[in-house]
Amino acid sequence: MIFNQKVSIITGASQGIGEAIARELGREGATVVLVDIQKEKLDEVAGRFQAEGIKAQPVMADVTNLHQVEAVVESAIKEFGRIDHLINNAGITRDSLLLRMKEEDWDLVLAVNLKGAFNFCRSVVKHMVTARSGRIVSISSVVGLMGNFGQANYAASKAGLIGFSKSLAREVAARGITVNCVAPGYVATPMTEKLSEEVKKAFLEIIPMKRFGLPEEIAKAVKFLCSDGAAYITGQVIGVNGGMYM
Ligand code: NAP
């Protein structure tokens with residue numbers, strides 16, 4: 001197990017890609033701190049993990065709230081003494097054409113998807129700097145690279161995560177901390193389940209591999225970026241998208 005004694009914080013960990021990432025890191029021996037916004041869902045996933053032999057600690061917090069985020073990080077440091085991996089995964093969509101987009105839908109998507117990563121990075125990085133090591137992986141999206149009809153707010157947040165990560169990567173590289181993004185294509189999760197059959201069909205047509213991705217396939221890329229094998233990789237965006245964007 002490659003992450004024995006390590007501690008990982010994963011946001012948006014109670015379902016979909018976040019759950020798969022937490023499971024992947026947990027199976028490698030990491031203690032996984034599961035952050036999400038709904039208590040029941042969190043307790044359920046933590047229970048499943050514990051039954052699988054994964055060391056999991058559920059913590060309810062809203063990633064948009066800096067005070068709550070700082071409290072999560074300080075309590076993890078108090079309890080475990082270290083944070084080795086931060087995975088900024090929590091994300092939402094509020095799709096509509098720009099002309100009809102409500103201001104609150106712009107603000108909320110930017111707050112969760114981009115400010116949430118700022119809040120966690122700002123709280124965690126000081127501990128990683130002291131430890132002179134750490135891995136930060138943020139889940140961007142293929143949409144942040146290519147744009148998407150009806151997703152101006154989401155695409156802006158996901159492109160913003162890339163610029164944010166590259167900047168932070170430069171600031172902390174000399175302290176032994178790497179900062180990267182994984183940009184998934186279309187992955188079958190509760191987030192994409194709600195799309196119409198017509199939209200799903202249109203996506204399949206532009207994916208050269210002719211299938212949707214699995215949450216576990218995103219988790220494998222995150223695991224690699226957290227592993228010793230990725231020690232010299234920083235400021236990068238790894239696309240996991242079946243060839244949808246090259
Ligand atoms: P998902 O199934 O909707 O899971 C996201 C999780 O984040 C949910 O448990 C959600 O809780 C939680 N969350 C939402 N707002 C939060 C907040 N303010 N604080 C804490 N947690 C919050 O999404 P997913 O498909 O697994 O996506 C995970 C990440 O991958 C997202 O950043 C997404 O943008 C990105 N991504 C997904 C795809 C895809 O095709 N699925 C493609 C590219 C990128 P609630 O359910 O209670 O809201």
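Analyst: Happy to. Let's begin with Val172, which is buried, with a relative accessible area of 5%. Please keep in mind that this is a predicted model.

User: Why is Val172 called buried?

Analyst: Buried means under 20% relative accessible area. Val172 has 5%, so Val172 counts as buried. Val172 sits in helix α6, and its contacts, leaving aside neighbours within four places in sequence, are Val125, Ile177 and Val179.

User: What makes Gln151 buried or exposed?

Analyst: Gln151 has a relative accessibility of 8%. The cut-off for buried is under 20%, so Gln151 is buried. Its place is the loop between α5 and α6. Not counting residues up to four places away in sequence, Gln151 touches Thr93, Asp95, Ser96 and Val143.

User: How do you know whether Cys226 is buried or exposed?

Analyst: By the same test: 4% relative accessibility is set against the limit of under 20%, and Cys226 therefore counts as buried. Cys226 belongs to helix α9. Leaving aside neighbours within four places in sequence, Cys226 is in contact with Phe3, His85, Ile87, Arg135 and Val137. From Cys226 to Ile92 the C-alpha distance is 24 Å, and the two are 134 residues apart in sequence.

User: Now the helices. Why are α3 and α4 called roughly parallel?

Analyst: Their axes cross at roughly 30°, and angles under 35 degrees count as roughly parallel. α3 and α4 are therefore roughly parallel to each other. The axes come within 9 Å, and the crossing is right-handed.

User: Which residues meet where α3 and α4 are in contact?

Analyst: From α3 come Leu66, Val69, Glu70, Val72, Val73, Glu74 and Ile77, and these meet Asn119, Phe120, Arg122, Ser123, Val124, Lys126 and His127 of α4. By class, the contact has seven nonpolar, three polar and four charged residues.

User: Which residues touch the most other members of the largest nonpolar core?

Analyst: They are Ile9, Ile83, Leu86, Phe120, Val124 and Ile136, in a core of 37 residues. The elements that each supply at least two residues include β1 (7-11), α3 (66-80) and β6 (177-184). The largest share, seven residues, comes from α4. As for Phe120, its contacts, leaving aside neighbours within four places in sequence, are Ile9, Thr11, Val35, Val63, Val69, Val72, Val73, Leu86 and Asn88. A second, separate core has 29 residues, among them Ile17, Val45, Ala56 and Val137.

Definitions and conventions. Residues are numbered from 1 along each chain as its sequence is written. This is a predicted model: local features need pLDDT of at least 70, side-chain atom pairs count only at pLDDT 80 or more; totals for chains, interfaces and linings use all residues. Side-chain values use heavy atoms; hydrogens and water are left out. A nonpolar core is a set of buried Ala, Val, Leu, Ile, Met, Phe, Trp, Tyr and Cys residues joined through side-chain atoms within 4.5 Å. Buried means under 20% relative accessible area, exposed over 50%, partly exposed in between (1.4 Å probe, protein chains only). Helices (H or I, at least four residues) and strands (E, at least two) are DSSP runs, numbered from the N terminus. Contact means heavy atoms within 4.5 Å. Axes are lines fitted to C-alpha atoms, for helices over the stretch in contact, and angles run from 0 to 180 degrees between N-to-C directions. Angles under 35 degrees count as roughly parallel, over 145 as roughly antiparallel, 65 to 115 as roughly perpendicular and the rest as oblique. A crossing is left-handed if the near helix is turned anticlockwise from the far one by less than a right angle, and right-handed if clockwise. Ala, Val, Leu, Ile, Met, Phe, Trp, Tyr, Cys and Pro count as nonpolar, Asp, Glu, Lys and Arg as charged, and the others, Gly among them, as polar.
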